[in-house]
Amino acid sequence: MQTRRSNQQTISNTLSALSRGFDAVATWVTQLSWWKFFLFAALMIVAGKILQDELFSGSEEEIVRTEHHARRPEPTVTIDDSGIHINPGKNSRRGPITINPEVEAAKAEAAAKAAVAAQAKAEEARIAAEEKAADAASKAVGTAEPAVPAPPAPPAPPAPAAGKAGTGHPVTKTIRGANGEEVHIDLPPQIGEELSNAIEAAVDDAAEAKARSYHKQASTWFTSFVWLLILALFGTKALVGGKKRAEAEMQSATAAAERESMQRQLSEAKMQAMQAQVEPHFLFNTLASVEHLIETNPPRASAMQRTLIQYLRAVLPQMRDNNLVTNLGREVDMVKSYLDLLKMRMEERLTVELHVPEGLRSAAFPPMMLQSMVENAIKHGLECKPEGGHLAVTAEVVDSKLRVTVADDGVGFGVMPSKGTGLGLSNIRERLKLLHGDAGHLHIAANQPTGVIATIEVPYQLAPK
């Protein structure tokens with residue numbers, strides 16, 4: 001059981017490693033452009049060709065040299081119905097030799113009969129010679145007994161039937177026919193040696209041909225492997241590339257969305273912090289006005305305090321909203337309530353003119369910006385002017401942009417030193433940049449004959465409900 005679990009774990013780890021490897025290769029291939037992929041494929045083909053030459057060219061040249069060296073004139077043997085044909089080659093002094101088994105057998109039989117006849121004649125001659133010698137000896141002695149003839153000598157042994165090539169003895173070759181019949185042929189020593197050389201040369205040629213076949217097959221397999229690898233990479237890029245690109249684009253889009261969300265949250269936090277700075281700025285200015293009236297005109301200060309309390313009850317819920325964008329009508333109503341408070345203090349010294357079309361009250365506009373502009377105009381332009389002045393607020397759409405202008409005929413730039421916190425204009429510019437980027441602008445220009453014109457431009461769009 002333990003062995004089975006170990007095998008399963010090994011198989012699982014192997015498959016997991018293969019999957020990770022394929023995914024890594026597929027990711028790398030899909031990241032390449034097509035021209036880089038084709039360049040890589042060309043380099044692979046060139047490298048494969050060089051490696052093929054290094055691995056197989058040396059052995060092939062050696063085989064070719066061996067083949068050319070071995071291709072000297074070798075004897076050839078041909079066996080057919082007419083017999084055995086031996087071609088000793090160009091370097092042999094002998095011409096082509098043809099051996100017919102039947103003829104050779106007849107010749108061998110005739111030679112054997114001739115040898116027996118010659119042996120018989122030699123025996124008769126020997127007996128006759130011995131008889132003549134015995135007769136001569138008898139005549140010379142006269143009284144000697146006739147000689148007893150010697151027993152006949154045993155017949156000479158036949159010539160050896162087989163021998164080794166080059167020893168002077170005939171060589172016996174055994175040939176098996178197609179029907180399983182064996183034929184034994186006695187060959188002369190020279191012919192037997194040439195026949196052995198021919199057989200050895202044939203075996204060597206067969207071995208060299210087999211080696212060349214294996215070598216060529218291995219070279220072909222190597223080339224096929226390189227091409228199959230290139231085709232596999234091409235298929236992976238073509239088929240898996242779309243999926244990988246879609247996954248990469250989705251990851252990139254997700255990361256971009258997360259970055260945009262974080263940036264938006266950061267911008268919202270910064271704008272809320274700056275908006276929180278505007279609210280006490282407004283309250284400080286209003287309370288400063290109440291304090292001034294308490295010193296100069298207590299009854300009017302009490303009335304202004306009551307009006308401020310009513311104003312705060314109506315406006316503070318709206319000011320405490322965390323909305324980054326509100327509508328222009330709401331901002332105009334807040335500014336009108338604020339100007340009513342200021343008119344209680346400045347009386348005839350302040351005249352106000354509001355020109356906001358009813359159709360633009362639903363346009364989107366950043367909160368507290370219009371009131372900051374009005375506060376700056378009152379404090380730095382009209383309040384320090386003894387005779388007071390005129391304040392005009394207008395709104396219009398120009399080139400698909402909402403343009404809101406606050407113009408005064410006060411003392412203008414730099415006439416009176418500022419006693420404020422300096423958060424007004426810089427706060428407006430920063431908030432416009434965070435909300436609309438380059439599409440939001442704040443323009444400050446001189447008014448004629450005196451005063452300042454402050455204009456805010458934002459993209460015109462309806463405010464969310």
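Between which two strands does the loop that holds Ser400 lie? Ser400 lies in the loop between strand 9 and strand 10, where helices (H or I, at least four residues) and strands (E, at least two) are DSSP runs, numbered from the N terminus. The views below are of a predicted model, in which local features need pLDDT of at least 70 and side-chain atom pairs count only at pLDDT 80 or more, while totals for chains, interfaces and linings use all residues. Residues are numbered from 1 along each chain as its sequence is written, and side-chain values use heavy atoms, with hydrogens and water left out.

**View 1. The loop between strand 9 and strand 10.** Strand 9 (389-398) and strand 10 (401-408) flank the loop that contains Asp399, and the hairpin that they form has 2 residues between the strands. Asp399 has a positive phi of about 55° although it is not a glycine, and Ser400 likewise has a positive phi, near 65°.

View 2. Strand 7 and strand 9 run parallel and are joined by 6 bridges, with Leu391 in strand 9 as the bridge partner of Val352. Strand 9 and strand 10, by contrast, run antiparallel and are joined by 8 bridges, and Thr394 stands opposite Thr405 in strand 10.

**View 3. Strand 12 and the strands that pair with it.** Strand 10 and strand 12 pair in the antiparallel sense over 8 bridges. In strand 12, Val452 is the bridge partner of Asp408, and Val458 is the bridge partner of Leu402. Strand 11 and strand 12 also run antiparallel, joined by 6 bridges, and His443 has Thr455 in strand 12 as its bridge partner. Strand 12 is mostly covered, with 6 of its 8 residues buried, and strand 10 is mostly covered as well, again with 6 of its 8 residues buried.

**View 4. The turn between strand 11 and strand 12.** The hairpin of strand 11 and strand 12 has 5 residues between the strands, and Gly451 in this turn has a positive phi of about 105°. Pro449 lies in the loop between strand 11 (441-446) and strand 12 (452-459). The peptide bond that leads from Gln448 to Pro449 is cis, with omega near 5°.

**View 5. Helix 6 and its two ends.** Helix 6 (residues 328-346) has 19 residues, which at 1.5 Å a residue should span 27 Å, and the end C-alpha atoms are 26 Å apart, which agrees; the expected span is 1.5 Å times one less than the number of residues. Asn327 caps the N-terminal end of helix 6, with a side-chain oxygen 3.3 Å from the backbone nitrogen of Gly329. After helix 6 comes Glu347, whose phi is positive, near 50°.

**View 6. Helix 7 beside helix 6.** The axes of helix 6 and helix 7 (residues 369-382) come within 9 Å and cross at roughly 25°. That makes helix 6 roughly parallel to helix 7, a description used for angles under 35 degrees, whereas angles over 145 count as roughly antiparallel, 65 to 115 as roughly perpendicular and the rest as oblique. Helix 7 is mostly covered, with 12 of its 14 residues buried, including Met369, Leu370 and Ile378. Ala377 is found in helix 7 and counts as buried, at 7% relative accessibility. The C-alpha atoms of Ala377 and Gly412 are separated by 9.3 Å, although these residues are 35 residues apart along the chain.

Methods: Polar contact = N/O pair within 3.5 Å; in protein donor to acceptor, adjacent residues only side chain to side chain. Buried < 20%, exposed > 50% of the residue type's maximum accessible area, 1.4 Å probe, protein only. Pairing = 2+ DSSP bridges. Axes fitted to C-alpha atoms, helices over the stretch in contact; angles between N-to-C directions.
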